[in-house]
Amino acid sequence: MEAGPTWEPEAWGSSGGWPAPRGARAGPSLSSVLNELPSAATLRYRGPGVLPWGASGEEEEDGESNIQAMAEAAQKELGEPIPSRELPWPMQARRTHRQSHARDKVAQGSGSRVAQWALRLRRSKEKTQERLHTLQPWAWTLKRIGGQFGAGTESYFSLLRFLLLLNVLASVLKACMTLLPTWLEGTPPGPPGPDTSSPCGFYNPDPQGLVTFPTHLFSLLSGVGFLEWSPLFYGFYPPRRHLAVAYLCSVFVIGLLHLVLILHRSVSGLKQTLLAESGALTSYSHRVFSAWDFGLRGDVHVRLRHRIILYELQVELEEAVVRRQAAVRTLSQQAKVWSVRVLLNLLVIALLGAAFYGVYWATGATVKLQEMPLVHQMPLVKLGVDYLPSIFISGVNFLLPPVFKLIAPLEGYTRSRQIVFILLRTVFLRLASLLVLLFSLWNQITCGGNAEAEECKTCGYKYKELPCWETRLGQEMYKLLIFDLLTGLAVMLLIQFPRKLLCGLCPGPLGRTVGTQEFQVPDEVLGLIYAQTVVWVGSFFCPLLPMLNTVKFLLLFYFKKFTLFSTCSPASRTFRASTVNFFFPLVLLLGLTISAVPVLYSIFLIPPSKLCGPFRGQSSIWAKIPESISSLPRITQNFLFFLGTQAFAVPLLLISSILMVYTLVLANSYGRLISELKRQIETEAQNKVFLAQRAVALSSASGAL
């Protein structure tokens, strides 16, 4: 796709401004007429260095005194309250500005110290918010990406920045609630020795004898050896009462904080999506007449804004064509389309079923292959066997999304709807394959859920093969994280850059066909959500996993940015930004919900390992919480136990239901009011058209007379 239109002064005349008139005419010049437009009133708010409409670069030196006078006038006006109607802001921002000035006038006129302090506090809060907004990382980079590659690509990097924030918060909480209590209460003890007697066997993760460098490297990649008994995994932490409570509470605090932040992001994107999908705004007129930002300064910002508006109009035109084609379909054509959709969905279901069975088989085959003596004698083969589930999951996630991408255009949906279906199928593939892996591990840990089995009867889990099953789960999530990073680097170095070099070496049609690459937003976004879901699942069993993921996302941002600007071209088909701004956080919320299932199941139902971890010796991980509550004062115990009774739950449910019904009724009443106002607007538009037609008819009749 070609780049957006750029400003070429030579095409508009020698002055570099607006075109000169064709002949000598009397009256005001075009520049003076343009300066009388209402939009020219925003000139004084664009800074002292902005020239009036039609002013050229040559006039800048001659009229420097006028610019200086304009700057002084602008500075003088900044000290006075600016009327809201003269600000180039949206209506909501103008309303907030007007209300703020009204409160300032009331506070200044009251003469009260409390009002004066409230005014100062509010102004300090506004200034702090503005400064925090300016400190937002990579703001200019995201704007540049959005202007050059479209809003969809920008939404990927915005989501990556948001996930980086989530991981930074989780890392800080893990460090404060897990690492600090571990060393504040004394140095953690070492692993249990080989002479430790226990009905659940023995557990000694320390390697014996001299360890070679390749073994250290393989241990670093698979999480065994010297890493197995380290702060990276669950088994390292000692069974101390305060540490156990803090360890468990950190999981719930991080989950709740992430849930609130994701919901806040989803709701903010939902407003834009509902407004864009409802048709309340006429898409073309809204973007043509209201999308320009009169506060822009500099050619670079202007060109970026040009491209953004161009991409948005392109999306609307593409979707309008598809909707027009769908509206004129006959009944037989509609039946044909639905038949094709049913067959394609059956094909998708068959591919997903085969992929899930392959993940389940790879997990079971890994256990059998690890028992073979030949595998233990060859470290490289052992590393491949350890990574077999990760390799199979990554292979499936690499091969099937392009197939989904080929299927989506055949279903006859709009571009935004195609993106949604590709995302749904890809996220189901990634998250369900992760669930299949966890189900296979659960089947190995709990003997298929049969607590009376011979191998699980003594300790409640398969203690001979998995003496510390929590660390084993953490190792699997650790390997998924490492392998995902290595796969991304391999694709960038071995596929994307060679394709770009091929495009440069072969300038013909073959080079353009093979070397042209587009940034695939659905695949990249689902890769982020999959990686974050792995971290949510593994953060309980591998407490330092959020820190590793923070480093990974930080590297990924710069790698993807470099790849985008050096190897990728703008997308030939874009999609609406409001859809992805809501849909991406919604899929992220789905990943958080799915990740909570295995973690909560492990906390409440599976007995903890008897030889490792802070909950050793307990019947369940959750049993530590009631035991800690029993040591609190009687009043606190009664209050906490009251929160879990029906006397608290039933009134809370009733109040929540009443508030929900009230909110729904209020929303319906607002919806009816909005519909009525829309009908009135349509009626007024019809009246104006009728009056215009009558005026044309009367003028024609008077001219004939």
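Student: Which residues line the largest cavity?

Tutor: This is a predicted model, in which local features need pLDDT of at least 70 and side-chain atom pairs count only at pLDDT 80 or more, while totals for chains, interfaces and linings use all residues. Residues are numbered from 1 along each chain as its sequence is written, and side-chain values use heavy atoms, with hydrogens and water left out.

The largest cavity is lined by Leu 485, Gly 488, Leu 489, Met 492, Leu 556, Phe 559, Lys 560 and Thr 563. Helix H17 (469-505) and helix H20 (545-567) are the elements that give two or more residues to this lining. A cavity here is a set of points, on a 1 Å grid over the protein atoms alone, where a 1.4 Å probe fits but cannot get out; lining residues have an atom within 4 Å of a point. Helices are DSSP runs (H or I, at least four residues), numbered from the N terminus.

The volume of the largest cavity is about 60 Å³, where volume is the space filled by probe spheres set on the grid points, joined across faces, edges and corners. Its lining divides into 5 nonpolar, 2 polar and 1 charged residues. In this scheme Ala, Val, Leu, Ile, Met, Phe, Trp, Tyr, Cys and Pro count as nonpolar, Asp, Glu, Lys and Arg as charged, and the others, Gly among them, as polar.

Lys 552 pairs with Asp 484, and the closest N and O atoms are 2.6 Å apart. Lys 552 lies in helix H20 and Asp 484 in helix H17, 68 residues apart, so the pair links distant parts of the chain. Lys 552 is buried at 4% relative accessibility, whereas Asp 484 is partly exposed at 22%; buried means under 20% relative accessible area, exposed over 50%, and partly exposed in between (1.4 Å probe, protein chains only).

Glu 476 forms one with Arg 472, the closest N and O atoms being 3.2 Å apart, and another with Lys 479, at 3.3 Å. Arg 472 is about one helical turn from Glu 476 because they are 4 residues apart in helix H17. Glu 476 is buried at 2% relative accessibility, and Arg 472 is buried at 16%. Salt bridges that share partners join Arg 472, Glu 476 and Lys 479 into one network.

Note on methods:
1 Å grid on protein atoms, 1.4 Å probe; cavity = no way out; pocket = protein on both sides within 12 Å on 5 of 7 lines; lining within 4 Å. Salt bridge = Lys/Arg side-chain N within 4 Å of Asp/Glu carboxyl O.
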